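Hi,

Here is the structure I promised to pass on. Have a look, and my notes on its pockets and surface follow below.

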Amino acid sequence: MAIYPDLEGATVIVTGGAGGIGEAITRAFVAQGARVGVLDLDNPRGESLAKALSPSVEFVRCDVTDIPALRAAIEQVRARFGPIGILINNAAHDERHATLEVTEEYWDGRVAVNLKHQFFASQAVLPDMIGSKKGSIVNLGSCSWIIGQGGMPAYTASKSAVLGLTRSLARDFGEHGVRVNAVAPGWIMTERQLELWVTPETEKEIYANQCIKRPLVPDDIARVVVFLSSDDASAITNQHYVVDGGWN
Ligand SMILES: NC(=O)c1ccc[n+]([C@@H]2O[C@H](COP(=O)([O-])OP(=O)(O)OC[C@H]3O[C@@H](n4cnc5c(N)ncnc54)[C@H](O)[C@@H]3O)[C@@H](O)[C@H]2O)c1
């Protein structure tokens, strides 16, 4: 992995940073010499990651759908590591659902876990970034809505809205030196995907659709996220970066 010297000592927040792609992003920033606040629901994974990467990681058990708790968790990271310079809005949940069975409450819950916290985490760190005239926010989107995937409309609707949120924040805060980009993963072989969805049949589908004939792994996303957060990407903002092995 490339090393970006400006990331050494940076204060980073990764939501959902204890597992899957988020864990790879956490590890990638620690490898850069950054200090990372990991906000995640998963206590055992978060605690063991913080122990393994001590003293560079502060794990805060937090449900990102609880906005006061999200704000308090960000404050806890700020108190330990200083003003937040980089925010990675990664937490999400891709539970499948059937349109005819979705209740209003369920819909609101899907939007809360897949979109709403990205706005409120950004709102909570923007004053730090404005104060230091520099910052990077990377919002994790998804290729699912681009390829027209069915079976989880509240997820795909939320993930398409991540792009609108990204472009609006990029426009409003660029004058303060804050860059905001979205990364849209294709199908990434996390533990959860392998356990729940990847079968010999779906593997054939992946290789038929991707230009690159290898499984995509969490590090493929982490590398792009770290690059977009570094000064090497200082002219890149307001963008939607697709990392899908050429599926689209
Ligand atoms: N894996 C893929 O193929 C894929 C494809 C497209 C987009 N994405 C996006 O990439 C990002 C990471 O996905 P992933 O596959 O690593 O997911 P994952 O389910 O493997 O991991 C998600 C992490 O977020 C945490 N989390 C979930 N709900 C939370 C909540 N309410 N509060 C705090 N933490 C919570 C989980 O504990 C877990 O550590 C997501 O934004 C997802 O939508 C993933």
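I'll start with the second largest pocket: its lining has three nonpolar, nine polar and four charged residues by class. Bear in mind throughout that this is a predicted model. The space in this second largest pocket comes to about 250 Å³. It is lined by 16 residues, and Gly85, Ile86, Lys134, Gly135 and Asp231 are the ones closest to its centre.

Now for the largest pocket, which has a volume of about 1400 Å³. If you want to find it on screen, go to Ala92, His93, Asp94, Arg192 and Gln193, which lie nearest its centre among the 49 lining residues. Sorted by class, that lining is made up of 19 nonpolar, 16 polar and 14 charged residues. Several secondary structure elements contribute to it: the helices α1 (20–31), α4 (104–131), α5 (153–173) and α6 (191–196), along with the strand β2 (35–40), each supply at least two lining residues.

Ile146, Ile147 and Val242 together make a nonpolar patch of about 190 Å². Is Ile147 buried, exposed or partly exposed? Its relative accessibility is 37%, so Ile147 counts as partly exposed, since that class runs between the 20% limit for buried and the 50% limit for exposed.

That's what I have for now.

Cheers

Technical notes: Residues numbered from 1 in each chain as written. Predicted model: local features only at pLDDT ≥ 70, side-chain atom pairs only at ≥ 80, totals over all residues. Heavy atoms only, no water. 1 Å grid on protein atoms, 1.4 Å probe; cavity = no way out; pocket = protein on both sides within 12 Å on 5 of 7 lines; lining within 4 Å. Points joined across faces, edges and corners; volume = space filled by probe spheres on them. Helix = DSSP H or I, 4+ residues; strand = E, 2+ residues; numbered from the N terminus. Nonpolar A, V, L, I, M, F, W, Y, C, P; charged D, E, K, R; others polar. Patch = residues over 30% accessible without salt bridge, like charges linked within 9 Å, V, L, I, M, F, W, Y side chains within 5 Å. Areas by Shrake-Rupley, 256 points an atom, 1.4 Å probe, with all protein chains shown as cover. Salt bridge = Lys/Arg side-chain N within 4 Å of Asp/Glu carboxyl O. Buried < 20%, exposed > 50% of the residue type's maximum accessible area, 1.4 Å probe, protein only.
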